[in-house]
Amino acid sequence: MNAPTKTEEFAAKAPAAIPDGVYAETVLSVEHYTDRLFRFRMTRPAGFRFRSGEFAMIGLMVGDKPIYRAYSIASPSWDEELEFFSIKVPDGPLTSHLQKIQPGDTVLMRKKPTGTLVLDALTPGKRLYMFSTGTGIAPFASLIRDPETYEKFEEVILTHTCRDVAELKYGFDLMEEIRNHEFLAELVGDKLKHYPTVTREAYPFQGRITDLMESGKLYTDLGVPPLDPAADRGMICGSTAMLKDTKDLLEKAGLTEGANNKPAEFVIERAFVG
Ligand code: A2P
């Protein structure tokens with residue numbers, strides 16, 4: 001018999017014995033957007049509860065060892081399946097293997113979800129901004145499909161900045177899904193505004209979100225007043241540098257950072273890679 005090929009070696013199989021505190025779930029669908037981005041959906045374990053916006057540790061058996069990384073759950077808490085939006089890092093310990101999964105494969109998930117990008121970590125407000133770059137849109141993919149978001153806020157603004165237009169597709173697909181959804185379409189109505197921008201290609205909306213906030217173009221384009229701690233709340237998810245720069249601008253506008261045990265005017269979470 002031939003030695004196993006690299007693909008066979010890393011086929012996403014269930015471990016012989018599933019460790020305590022871990023679910024082994026089945027991949028249902030995989031969609032590749034670009035050579036850097038893909039999403040997948042998998043079965044949701046009976047009894048697995050999470051709050052929209054939280055993340056879980058997702059893993060694969062690589063050889064005989066599991067490797068885990070933190071992933072925001074992109075599906076809303078009411079969904080019967082679980083969705084994830086992932087980067088593909090060529091040498092990433094997990095994503096170099098995860099990008100090869102196929103329907104029917106097994107993905108591991110630790111049982112306890114957690115995270116700060118939850119509605120409970122914000123004090124009541126009028127308008128909720130969700131600032132995201134790249135795969136940082138994932139927790140917001142969950143929250144914009146959760147009816148509670150629209151019960152708590154009159155207006156929801158999702159900003160998504162990527163290097164190029166092809167990387168925005170997941171966001172456009174989400175908006176389309178909501179517009180065509182049986183009950184979300186009516187509930188969301190025109191409360192949700194999508195503000196996609198790119199930084200490395202020509203596009204009608206161009207530039208880093210931080211620059212668009214500083215210049216005021218974001219607010220002019222949306223037809224809303226500049227940030228106001230009395231009305232506006234924020235959630236930020238992106239790279240470490242993007243979190244810091246966006247947080248600085250929110251603080252400059254007078255908003256304060258909150259947490260699960262201390263709700264305030266904005267919360268942050270890094271988009272995890274690897
Ligand atoms: P840029 O192209 O100017 O670096 P990445 O794919 O590297 O995670 O980046 C996703 C998006 O985040 C890119 O459009 C990138 O812009 C933008 N970005 C990177 N750093 C920052 C930052 N400090 N503040 C705001 N946006 C950022």
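A charge sits over a ring if NZ of Lys or CZ of Arg is within 6 Å of the ring centre and within 35 degrees of the ring normal. This is a predicted model, in which local features need pLDDT of at least 70 and side-chain atom pairs count only at pLDDT 80 or more, while totals for chains use all residues. Residues are numbered from 1 along the chain as its sequence is written, and side-chain values use heavy atoms, without hydrogens and water.

**Exercise 1.** Find the ring under Lys-111.

*Solution.* Lys-111 lies over the face of Tyr-23, and the distance to the ring centre is 5.0 Å. A further case is Arg-110, which lies over the face of Tyr-68 at 4.0 Å from the ring centre.

**Exercise 2.** Classify the aromatic pair of Tyr-71 and Phe-84 and say what the pair ties together.

*Solution.* Step one is the rule: rings of Phe, Tyr and Trp (its six-membered ring) pair if their centres lie within 6.5 Å, and planes under 30 degrees apart count as stacked, over 60 as edge-to-face and the rest as tilted. Step two applies the rule: the centres of Tyr-71 and Phe-84 are 6.3 Å apart with 85° between the planes, which makes the pair edge-to-face. Step three places the residues: Tyr-71 lies in strand E4 (residues 65–72) and Phe-84 in strand E5 (residues 81–87), so the pair ties together parts that are 13 residues apart in sequence; strands are DSSP runs of E, at least two residues, numbered from the N terminus.

**Exercise 3.** Decide whether Tyr-71 and Phe-84 are buried or exposed.

*Solution.* Buried means under 20% relative accessible area, exposed over 50%, and partly exposed in between (1.4 Å probe, protein chains only). Tyr-71, at 5%, is buried, and Phe-84, at 0%, is buried as well.

Notes
Helices (H or I, at least four residues) and strands (E, at least two) are DSSP runs, numbered from the N terminus.
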